[in-house]
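Welcome! Here is a short tour for anyone meeting this structure for the first time. Please take a look at the sequence and the model before reading on.

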Amino acid sequence: NQIADLIPGMTLELKQAGTGPVQLTVSADNDKTAKTVKDIIAQINDLIKYSTDNSKIERNERGNKVTNTYSSLAKTRLDDQVVRAIQSAISETRATIGNGEVSTLGSLGITINRDGTYAFNDAKFSEGIKKDPAAVQQLIQKVADKLASSNGVIRQYTKYDGQIPLAIKSNKEQNDSLNKKIARMEELFEKQAEAMRLMFSRLESNMAKLNAGSSAISSMVSSYNANNS
């Protein structure tokens, strides 16, 4: 009893049969739309902040010794690529319908800060919806398609053979290779250590024998001197 293809974006649920005409009044829920877009911007900002916080390289100095401490994403550019792709999707989207007053997300109060995150102006967004609701709908739909469609940015990076899974696989293979090398080196070191322990054990035994021989010689010399004095 549900009709989902009559009005785009709306599903009608039929409860019961009636004997007279039924009047439907449909209006946009601007507040809900603004909250949804604002929540998406907040999630994008979280991603940008995570990328920034985990791409830092700290320089540590102790006397003449300098060491660098790398954060978890400091040695990869993949997070930067994701952020740039999202920013491009937001900045390049244009409305092609309406009266021209609302043509970009910037005209809806979605602007970029100096640190790369986004600001959301509630009043300007609500004003834009009132000025040109059709253009706003098209803008939001275009951005949603660029980010979340089957060919969108998110899909390109997170799908089975996307760049993030491939990077994870590559890192795992590198770690496995390093662990194997470490295991082989540890085995080699243990063999060398065992050979050195055996060598020093023999050296210690020979030294003990030499010491015993020296004591015997000293004793013999002392006895000889005593007998000939």
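The notes below go through helices, contacts, rings, charged pairs and a surface patch.

This is a predicted model, in which local features need pLDDT of at least 70 and side-chain atom pairs count only at pLDDT 80 or more, while totals for chains, interfaces and linings use all residues. Residues are numbered from 1 along each chain as its sequence is written, and side-chain values use heavy atoms, with hydrogens and water left out.

**Helix 2**

- Helices and strands are DSSP runs numbered from the N terminus (helices: H or I, at least four residues; strands: E, at least two).
- Helix 2 covers residues 78-92, and its 15 residues should span 21 Å at 1.5 Å a residue, which agrees with the 21 Å between its end C-alpha atoms. The expected span is 1.5 Å times one less than the number of residues.
- Buried residues of helix 2 include Leu78, Val82, Ile86 and Ile90. Here, buried means under 20% relative accessible area, exposed means over 50%, and partly exposed is in between (1.4 Å probe, protein chains only).

**Residues and their contacts**

- Contact means heavy atoms within 4.5 Å.
- Ser51 belongs to helix 1 (residues 30-53) and is buried, because its relative accessibility is 5%. Leaving aside neighbours within four places in sequence, Ser51 is in contact with Leu73, Asp79, Asp80 and Val83.
- Gln138 sits in helix 4 (residues 133-148) and counts as buried at 17% relative accessibility. Not counting residues up to four places away in sequence, Gln138 touches Arg94, Ala95, Thr96 and Ile97.
- Thr67 is part of strand 4 (residues 65-70) and is partly exposed, with a relative accessible area of 35%. Leaving aside neighbours within four places in sequence, Thr67 is in contact with Glu58, Arg59 and Asn60.

**An aromatic pair**

- How many aromatic pairs does the structure hold? There is one: Phe120 and Phe125 form a tilted pair, 5.2 Å centre to centre with 40 degrees between the planes.
- Rings of Phe, Tyr and Trp (its six-membered ring) pair if their centres lie within 6.5 Å; planes under 30 degrees apart count as stacked, over 60 as edge-to-face and the rest as tilted.
- Both partners are buried: Phe120 has a relative accessible area of 15%, and Phe125 has 0%.

**Salt bridges**

- A salt bridge is a side-chain nitrogen of Lys or Arg within 4 Å of a carboxyl oxygen of Asp or Glu, and the count comes to ten.
- Lys35 pairs with Asp39, their closest N and O atoms being 3.0 Å apart. The two are four residues apart in helix 1, so about one helical turn separates them.
- Lys38 pairs with Asp122, with the closest N and O atoms 3.3 Å apart. Lys38 lies in helix 1 and Asp122 in helix 3 (residues 122-131), so this pair ties together parts that are 84 residues apart in sequence.
- Arg197 and Glu194 meet at 2.7 Å, N to O; both lie in helix 6, three residues apart.
- Salt bridges that share partners also join Glu101, Glu127 and Lys131 into one network.

**A nonpolar surface patch**

- Met196, Met199, Phe200, Leu203, Met207 and Leu210 form a nonpolar patch on the surface, with about 630 Å² of accessible area together. Areas come from the Shrake-Rupley method with a 1.4 Å probe; for residues, only the protein chains shown count as cover.
- Patches are made of residues with over 30% relative accessible area and no salt bridge: like charges are joined within 9 Å, nonpolar side chains (Val, Leu, Ile, Met, Phe, Trp, Tyr) within 5 Å.
- Met196, in helix 6 (residues 163-227), is partly exposed at 44% relative accessibility.
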